[in-house]
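Trainee: I would like to go through the labels used for this model and ask what stands behind each one.
Mentor: Go ahead; each label can be set against its definition.

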Amino acid sequence: MASDALLFYLFATITVAGALMVVTQKNPVYSVLSIIAAFFGLAGLYVLLEAPFVAVAQIIIYAGAIMVLFLFVVMLLNAPREDAAEWDRSHPLYRPMAMRIGGALAVLLALELGWALSRTTGLAAGIGEDRPAVSSVEELGRVLFTDYMFAFEVTSILIIAAMVGAVVLARRREE
Amino acid sequence: MQGIIDRLTAPQTIAYAVIVGIVFMGLQIMAAVMVYAERKVAAFMQQRYGPYLVGPRGLLQPIADIVKLFFKEELRPKAADAFLFSLAPIISVAAAYLAFAPVPFGAPTTFFGMLDEPIKLQVSDVNVAVLVIFAVASMGVYGIVLAGWASNSKYSLLGGLRSSAQMISYELAYGMSLATVVMMANSMSLTTIVDQQSGYWFGFIPKWYIFLQPIAFFVFACAGVAETNRAPFDFPEAEQELVAGYHTEYSSMRFAMFFMAEYINMVTVSAVAVNLFLGGWYGPFIPANYGWIWFVIKLAVLLFVYLWLRWTLPRFRYDQLMSFGWKVLLPLATVNLLLTAAGVLYFGL
């Protein structure tokens, strides 16, 4: 349907524009807000792909929980504005080695993106196609706890280890 | 062209527009009614009269308040971040309205026989409604945090930071209590969850989840009050310490928008509680077509409890708030969730 393609371009624009704003904004608070906008655009794309659960989970976890913490820290530390003009030649990013490696990576990334673009048939491919109606939550749960059981459990162990580590590091030493 | 006009004038489309209008205007009216009710209930509990001059029994007081707020001067601190300062109240109000979208408030109706097929009394029937409400509720915090930061004032910033810390702490317990009901009902759609609560045990006890899950209801109620920043959890605006917290620097309609968001959030949390635990629009004596009457009655009772709490309980201390959230509510919700999971799995509750 035409309206689906229209929505795809709308959400895609929000996502890309948000992502670009993250790096171009000078004020870190605005960067955080831009990435939240990008997450919302992404959530819209998930909804168009008939995956409402993924869309909402992404909003809850990234936009709702993680970015609140980011914003919290940025505000608490009162992070200064970043002006590229203020950097002098002594900034680590101006070292010859860093510039060479960075430049090589940028060229590589551009080549890879060009290659990927040349192989896609249509930008909005797959949007608005008729899919069999499955209850995505049930389906996702079944797959997660059967086929991907091991990966799922390993990931949760990893997260618990990180949490325990954070608590140990943050705890005050008792005299 | 004709096709579009036909679709736009189809009875279903018009009925749908009417429902959206009912929800939008209804929430606004509820906010106004809550302003009046809050002042009257407060007055009653403090043995005063409350507003009584504007209109019969002071009923037009909210209108007077709104007109006053419209015509007040709009102030903005010089050092404030102009863009975010105006954006913050908009985020608050938008999140408040949006959260009500997946909430059903009555059985499917034909609008007194005007439609051929019954239409659902809700803005959008999402199959992950419970999660949508949870997600949008967690968006509301951005309005408060940004207001605190953009005002460039120490009271506002502290209020905003406190609010985000509080919301993050209570969101976990909130989510766990939601998950418990989702497991019992085996569905995330609020319509399905309400339908599961129709009927009676032994012919007279209604099959509401509050009787099966009293602990989940308790956790949901505490976390819901904390999420809406109401007393006894109203830390973001603790007057004695923070002047008015995150909205210290706001005046006029921008201030009114924060206020409206707070009242609409109260209505939404109460409506969700009615749907999840109190059987939604099901109740005795009233035929199913008029189920929304039951819904409104239950909603009104819960909203009154909100006011009752505010004027009865003193505010927690900040450390008490944190230890209550992390050491009491969260373990309680977790154990309840695990027990419910075991019950559903082994006994098929």
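**Labels and their cut-offs**

Mentor: In chain A, 15% of the 175 residues are buried. This is a predicted model, in which local features need pLDDT of at least 70, side-chain atom pairs count only at pLDDT 80 or more, and totals for chains, interfaces and linings use all residues. Residues are numbered from 1 along each chain as its sequence is written, while chains are lettered from A and ligands numbered from 1 in the order in which they are written.

Trainee: What makes a residue buried?
Mentor: A residue is buried if 20 or more other C-beta atoms, placed from the backbone, lie within 10 Å of its own C-beta.

Trainee: What elements does the secondary structure of chain A come to?
Mentor: Chain A has 6 helices and 0 strands. Helices are DSSP runs of H or I with at least four residues, strands are runs of E with at least two, and both are numbered from the N terminus.

Trainee: Why is helix α5 of chain B called largely enclosed?
Mentor: Of the 22 residues of α5(B), 22 are buried, so this helix is largely enclosed by the rest of the structure.

Trainee: How do you know that the length of α5(B) agrees with its residue count?
Mentor: The expected span is 1.5 Å times one less than the number of residues. For the 22 residues of α5(B), 129-150, that comes to 32 Å, and the end C-alpha atoms are 32 Å apart, which agrees. Just after α5(B), B:Asn152 takes a positive phi of about 55°.

Trainee: Which elements cover the buried residues of α4(B)?
Mentor: The cover includes α5 and α11 (252-277) of chain B. The buried residues of α4(B) include B:Phe85, B:Pro89 and B:Ile91. Helix α4(B), residues 82-99, reaches 27 Å, close to the 26 Å expected.

Trainee: How many residues does each chain give to the contact between A and B?
Mentor: Chain A gives 16 residues and chain B gives 17, where contact means C-beta atoms, placed from the backbone, within 7 Å. Helix α3(A), residues 52-77, supplies the largest share of the chain A side, 13 residues.

Trainee: What makes up that side by residue class?
Mentor: The chain A side divides into 14 nonpolar, 2 polar and no charged residues. Ala, Val, Leu, Ile, Met, Phe, Trp, Tyr, Cys and Pro count as nonpolar, Asp, Glu, Lys and Arg as charged, and the others, Gly among them, as polar.

Key: Buried ≥ 20, exposed ≤ 12 C-beta atoms within 10 Å, placed from the backbone. Contact = placed C-beta atoms within 7 Å.
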